[in-house]
Amino acid sequence: MIYRCFLILFILPFLLFGQEREEFSNKMEWFQGAKLGIFIHWGIYSVDGISESWSFFNEYISHEDYMKQLDGFNAKNYNPKDWVNLIEESGAKYTVITSKHHDGFALWKSKYGNLNAYESSIAKRDLLSPFVKEVKQSNLKLGLYYSLPDWSYKDYTHFTTNTKRYNIEDDPKRWKRFLNYRDNQLNELKKKYNPDLWWFDGDWEHNSNEWKSLELKKDLQNNASHVIFNSRINKYGDYETPEIGIPVYRPSSKYWELCMTINDSWGYQENDNNYKTPLQIIDLFVDTLSKGGNLLLNISPKPDGTIPENQENILKELGKWTKKHQSAIYSTQKGIPYEHYYGPSTLNKEKNILYLYVRDNPKNNEIILKGISNKINRAYVVGNGTIINKQILCKVYWNKYPGITYLKIPENTLDEYYTVIALVLDGPIKLFKEKTGAVELN
Ligand code: GLC
C-alpha cells in the first residue's frame, strides 16, 4: 500500500512529465531541423503600397480609404504553384502565410464575417485554398498566420490608436461574441487546411485570460496534437518569436525563430527599396543558425499575385547557397562559443561534425580554431569536397592543452557568400575548458 502511494505521488508525475517532454520534442523535431521558412504577407495593403493594417490604425489614412484597396486587390496573375516552387528553391522547409492580418481581411472564403477575398475584394475568389493545395503537394510544412486583433470587426475592442469601441469589463457579452467569431474562423481554417503551425500575432492587445489563450490552444490541438504554436498567443507558445532584431546573444530556449523583412516592410510597398542583399540575408541566416534558431524570411507579393522581381532574385540566390551547404544547415544545432572560433558555427545532431562559417577571405587563407580536444579525422570544404590542410601549433606532450589549429582554405574554393568548412571529429565535440597546465615541468 505504502509502495503504491509512493509510486503515485512521487514516481508517476516524473514518468508523465518525461513522457510529455518526449512528445513535445517529437512534435518540434521538424521545426527544429527546418531552419528556413518563408513568410508571406499578402493583403489589400499591397494595392496602395502602405503599411499593413497599421496605416489606418495609426490614422495615416482613414479606414474608409484603406478599404478602397479592396477594389484593386485583383490577384489576376496569381500562380500559387510558382510561389511554392520559388519557396522550395530558396531551401525553405516551411512557409507561413497571412490568412488574416490585423485589418480583418481574410484570404479565404469564410462563412464568418464578410471581409474576405471572395466576398469583398475584386479578386472574387478564395485565395488561400489554391496556395494550401500547392503546399500540401510539396515537401513544405504549412503555417497559418492569424491576427488575434481584428480592427475592422464590429465586436472587436480596438479600432484605431485613438478609438476604442468598448472595454471588455463594460460589455463582456460583446467580447464573447467576438471570441465566438474568432473561434469559428480558426476552426474553419483548421478543418479546411489542417496546418502544421499556427502563427498568431497581436497578442499584446489583451492578456491571455481575455484572449482565452489556453482554451484556444487546446481547441486547436484537439485531434491535431502535431500542431505547433508560435509565442504570440500570450504565454502558451511552443517557441520564441523575436521580430527583426536578431538576438545578440544565443537565446536560452531551444526553439526559436527570427522573423525578418526582406526590405523594411512586411507587406508590398513599391517605394520601399531598402532591400537587403543576398549576402546580408545570408549573414542573418548564418547568425541565426549558429545560435540554434530558424529564419523566417518574409516576401510580399503584389496585389496581382506576382512576387516582386528583386524578392524572387534574393530567394534564388539564397537557394543556390542553401543547396550547396545543406549538410551544414538542416538539422544542425547551435555551434561553439566565439572563444574557440572567431565566427559562426553549427554542429550536426550527433555533435561530431563541426561546421565553421567563413564570411570574408581570410588572411593567408587561414582560419584559426582553438581549444578543441578532439582529433580532427577529416576537414573539407562543404559543397566542394576539397580537403583542407591543417597545422597544429602550441601543442606539447606534457599537458592536455589541445593547441591551436590553423586550417588553410584553398583560394579557389572560397564561396561567393560564405564558405563552410566541415570538421569530422573522432567523437562528440569536447571543448577544452581547463586552465592551461603548469610550466614547472619544463
Ligand atoms: C508585427 C506587426 C505586423 C507583422 C508582424 C510580423 O507584430 O504587427 O504588421 O505582420 O509583426 O511579424
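Two strands are said to pair if DSSP finds at least two bridges between them, and strands themselves are DSSP runs (E, at least two residues), numbered from the N terminus. The model is predicted, so local features need pLDDT of at least 70 and side-chain atom pairs count only at pLDDT 80 or more, while totals for chains, interfaces and linings use all residues. Residues are numbered from 1 along each chain as its sequence is written, and side-chain values use heavy atoms, with hydrogens and water left out.

**Exercise 1.** Find which strands pair with S6, and state whether S6 is buried or exposed.

*Solution.* Begin with strand S3 (residues 141-147), which pairs with S6 in the parallel sense over five bridges; here glycine 143 has leucine 197 of S6 as its bridge partner. Turn next to strand S7 (residues 228-229), which runs parallel to S6 and is joined to it by two bridges, with phenylalanine 229 of S7 as the bridge partner of tryptophan 198.

**Exercise 2.** Determine which polar side-chain atoms lie by oxygen atoms of the ligand, and how much of the ligand the protein buries.

*Solution.* Using polar contacts (N or O atoms within 3.5 Å), take aspartate 201 at 3.0 Å, arginine 232 at 3.3 Å and glutamate 243 at 2.9 Å. Taken alone the ligand exposes 310 Å², of which the protein buries 95% (Shrake-Rupley method, 1.4 Å probe).

Technical notes:
Polar contact = N/O pair within 3.5 Å; in protein donor to acceptor, adjacent residues only side chain to side chain. Helix = DSSP H or I, 4+ residues; strand = E, 2+ residues; numbered from the N terminus.
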